[in-house]
Amino acid sequence: MLTDAGAGVVCLLDVDNTLLDNDAFSAALDGRLTQALGDRGRARYRALYEAVRAERGYADYLEPLQRMRRDFEHDPDLLRMSTFLLDFPFDQLVYPGALQAMKSLAGQGCTSVILSDGDIVFQPHKIQRSGLWDAVQGRVLVTVHKERMLDAVKEAWPARHYILVDDKPRLLAAVKAAWGGAVTTVFVRQGHYARGAEGTLVQPAPDRVIDRIAELARLDLGETGTPAPLATRV
Ligand SMILES: [Mg+2]
């Protein structure tokens, strides 16, 4: 994939709990599972979900349903979960100000690219349904472990400087350790991963910390096209 971003700044944006409220989706899913399959069905799904995530390293919402077939083969409610997942209105979960923040960066010459970990079917579907796919004009990478795909990211989206925006401090630290001054890491304190990381010391610390993705709009790229120094933290 060739791009024109080689001389510019590329902003790598995570999806879940960074651009959209995936915790809200997860809560809605739990509610629907309980309604359709009862507490036993919801507990079974979540046990399989955790097992799959441990195996694969990313959230997979479809595979647990596949693995539940034997237990719920004759239950049409299991089949209706398919519609719930595929028709879910993810556009309603995009955080306020997320799209405007991308526009603000674009106005400063920064190219937004979505960099998301996930499965290869539902995660791209979610990104499309949310409208985020179109918002970045299809500049989307869905990986298994993004921190292990840094060379591929650089190849696909060459840039003079990167901004990495994510709700997982450990991931930001891993990329900062690998890329050093070539990346500005931005920790968005949204969602359960961010809350779970409160009080833990992660090194290297994120370059910027924001409480809402909307605050990314205030990131000043300055005349050089790279973020202003830490003295003017967002
Ligand atoms: Mg995330």
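Predicted model: local features only at pLDDT ≥ 70, side-chain atom pairs only at ≥ 80, totals over all residues.
Residues are numbered from 1 along each chain as its sequence is written.

Strands here are DSSP runs of E with at least two residues, helices are runs of H or I with at least four, and both are numbered from the N terminus. Strand S1, residues 9-13, runs parallel to S2 over five bridges; pairing requires that DSSP finds at least two bridges between the strands. S2 also pairs in the parallel sense with S3, residues 140-143, over four bridges, and there Leu115 faces Leu141.

So, how many of the eight residues of S2 are buried? Eight of the eight, across residues 110-117, so the strand is largely enclosed by the rest of the structure. Buried means 20 or more other C-beta atoms within 10 Å of the residue's own, exposed means 12 or fewer, and partly exposed is in between, with C-beta atoms placed from the backbone. In a regular strand, side chains alternate between the two faces of the sheet. In S2 one side has Cys110, Ser112, Ile114 and Ser116, the other Thr111, Val113, Leu115 and Asp117, all buried.

Now helix H4, residues 98-107: its buried residues are Ala98, Ala101, Met102 and Leu105. They cover an arc of only 100 degrees around the axis, which puts them on the same side of H4; that arc is taken from the directions from the helix axis to the C-beta atoms. On the other side, Lys103 and Gly107 are exposed. Thanks, all!
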